[in-house]
Amino acid sequence: MISRLSAIALNTFREAVRDRVLYNLIVFALLLVAGAPLLGQISIDIERLVLVNVGLSAISLFGVVIAIFIGIGLVSKEIEKKTLYTILARPVRRWEFIVGKSSGLLMTLAANTALMTAGFYAALLIDQRHLGRADAGLLIAVYFSALQFLMMTAITLLFSTFSTSIFSAVFAFSLFVIGTFSEDLRNFAALAHGITKWFSTGAAYIVPNFASLNVIAQVGHEQPIGGRLIFFNTLYAVLYSAAVTAGAVLIFERRNLK
Amino acid sequence: MKRNSTASVVAVVMLLTMGTGAILALHKVETVRGQEATLEEVLYLPSGKTLKRISLGYSSLLANIYWTRAVQYFGAQFHKRTPRYDLLYPLLDVTTDLDPLLIPVYQTGSIFLAQRPPEGAGQPDKAVELLEKGIRENPEYWRLYFTLGFTHYLDRKDYKAAQEAFAKGSEIPGALPWMKAMAARMAERGNDAGTAIALWQGVYEMTQEDSVRDSALKHIASLRVDAAIDELQQRVQLYRTQTGAWPADWSDLVHKGLLPGIPVDPTGEPYELLPLGSVQVKDPKAFPFLGELHQ
């Protein structure tokens, strides 16, 4: 089972890194980070903050975009190209296919995040001439972005199991946007009454909460991020992704591929 | 092959001519719309709070962009020497809605707002509003109380409010003991050059921004010259009391033992002694803030 999963994951990773879209996005993100010091120069007293905000936002946003653009084709492309039948004709279970694909995309995102983080720290080093303790704290925001990618990968894969590429992209991006408003949804639920309250509370727990995973402003201002937040965010992201991936497996197991 | 190369040449020519034409047309569009049209649109359509909601969590990045816009707007108006800074406060307000922890916006932005035109917007009440918002969001940051006291003292001439600001700031852990002394000085003296110099010295030390530091140095130099002129005029008056006549030049005062030598301003130029005992600098442009304490 492990060998089958790793074979699918590695093939997905290889396929993804050959994708031009990935390189275009990474190059664009790195250019953005490289250009950040210029933006800082024309502002006042916030040179480092501009670099931190641009760098961390680029890592987060481009990671999400990459997760969506590559994730939407993971299942649907295999169906369109008929390669899925070849894979499933072998002793590969459907759930192994889904979990393998998800792992491959996560490997791609991990490599991409590592590359962009290295570029970001290189820009910081060039700008400040040294790296300090406050700069190490920025890694928490990068880690939270990685948790965000974990959830987005699962979400994109879920839509990819029953929808076309275009619709998967639309659904995944919409859920990302809704996820950034999840705390507003919770506030709305707290103020609502009756069935609206039940419905909005349910929705607030079902949609992903991306608001708590965005700590760019806090780390930019060198505010401490508590260990409990790191632990519970990690727990939430892992459990949510596992639940959504399980949903994707359920749908894919029942899907008629004939 | 030949067909392809013809197409390429046509494409290159089109790219260059059409591209240049588009740039020229855009230049015309900007002229017709006015330089501030885009700024006004981005400013008034969404409020800071709306912008924060639609920023998808990247509000601190957006705040950096808005602060840069505010700095550029101030710079543009400053170079035009225009007395109108209508968009400055709304820009600063949006910026601090997006990122309430962005301290430089409160500190430098309030100085931009408070100074008299054309050096600033001449809106000290708005500067106070911005600083009070900054203090609400960052109550532990005592330097904002300093800037608030500074604005009340120098720009609003409200010495009681200035005293309160310095006193409150001095109670915050980590505040320099100097804040307490400043609060006491506010109570004792209004329109005092020494106090004003100390305040501008504080601004100079707290900011990294070159234009603000440059302005602080000019204010300090102007205040010193103001104090020197007051002192010289008193000595001229003393000479008149002693001799019954106005001095013809500085050497009269030197010979009388009222001055150690010919007095010079910070640029090294001698002060000018005018008939009827008034004193002035040779080049008033070198000290753009002369007499501001008495205005």
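What percentage of the 295 residues of chain B count as buried? The share is 38%, where a residue is buried if 20 or more other C-beta atoms, placed from the backbone, lie within 10 Å of its own, exposed if 12 or fewer, and partly exposed in between.

This is a predicted model, in which local features need pLDDT of at least 70, side-chain atom pairs count only at pLDDT 80 or more, and totals for chains, interfaces and linings use all residues. Residues are numbered from 1 along each chain as its sequence is written, and chains are lettered from A and ligands numbered from 1 in the order in which they are written.

**Confidence**

The model scores ipTM 0.73 and pTM 0.73. For pLDDT, the predictor's confidence in each residue from 0 to 100, the mean of chain A is 84, with 96% of its residues at 70 or more. In chain B the mean is 82, and 89% of the residues reach 70 or more. Helices (H or I, at least four residues) and strands (E, at least two) are DSSP runs numbered from the N terminus.

| Chain | Lowest mean pLDDT | Highest mean pLDDT |
|---|---|---|
| A | helix H2 (residues 20-41), 72 | helix H7 (residues 133-160), 91 |
| B | helix H2 (residues 37-44), 56 | helix H7 (residues 124-137), 95 |

**Contact between the chains**

Chain A contributes 20 residues to the contact and chain B 18 residues; two residues are in contact if their C-beta atoms, placed from the backbone, lie within 7 Å. On the side of chain A that touches chain B, helix H3 (47-71), helix H8 (165-180) and helix H11 (216-220) each supply at least two residues. H3(A) gives the largest share of that side, 5 residues. By class, the side of chain A that touches chain B holds 12 nonpolar, 7 polar and 1 charged. Here Ala, Val, Leu, Ile, Met, Phe, Trp, Tyr, Cys and Pro count as nonpolar, Asp, Glu, Lys and Arg as charged, and the others, Gly among them, as polar.

**Helix packing**

In chain A, helix H1 (residues 2-17) and helix H6 (residues 94-128) pack with axes 7 Å apart at an angle of about 45 degrees. H1(A) is therefore oblique to H6(A). Axes are lines fitted to C-alpha atoms, for helices over the stretch in contact, and angles run from 0 to 180 degrees between N-to-C directions. Angles under 35 degrees count as roughly parallel, over 145 as roughly antiparallel, 65 to 115 as roughly perpendicular and the rest as oblique. The residues joining H1(A) and H6(A) include Leu5(A), Ile8(A), Phe97(A) and Leu105(A), and the contact comprises 11 nonpolar, 6 polar and 3 charged residues.

Chain B has 13 helices and 2 strands. The axes of its helix H11 (residues 193-206) and helix H12 (residues 210-243) come within 9 Å and cross at roughly 165 degrees, which means that H11(B) is roughly antiparallel to H12(B). Among the residues in this contact are Trp200(B) and Tyr204(B) of H11(B) and Leu217(B) and Ile220(B) of H12(B). The contact of H11(B) with H12(B) divides into 12 nonpolar, 2 polar and 3 charged residues.

**Positive phi in chain B**

Most residues other than glycine have a negative phi. Leu56(B), which is not a glycine, has a positive phi of about 55 degrees. Leu56(B) sits in the loop between helix H3 (48-54) and helix H4 (59-80) of chain B and is partly exposed, with 19 other C-beta atoms within 10 Å. Lys157(B) also has a positive phi, near 55 degrees. The loop between helix H8 (143-155) and helix H9 (159-170) of chain B holds Lys157(B), which is partly exposed, with 14 other C-beta atoms within 10 Å.
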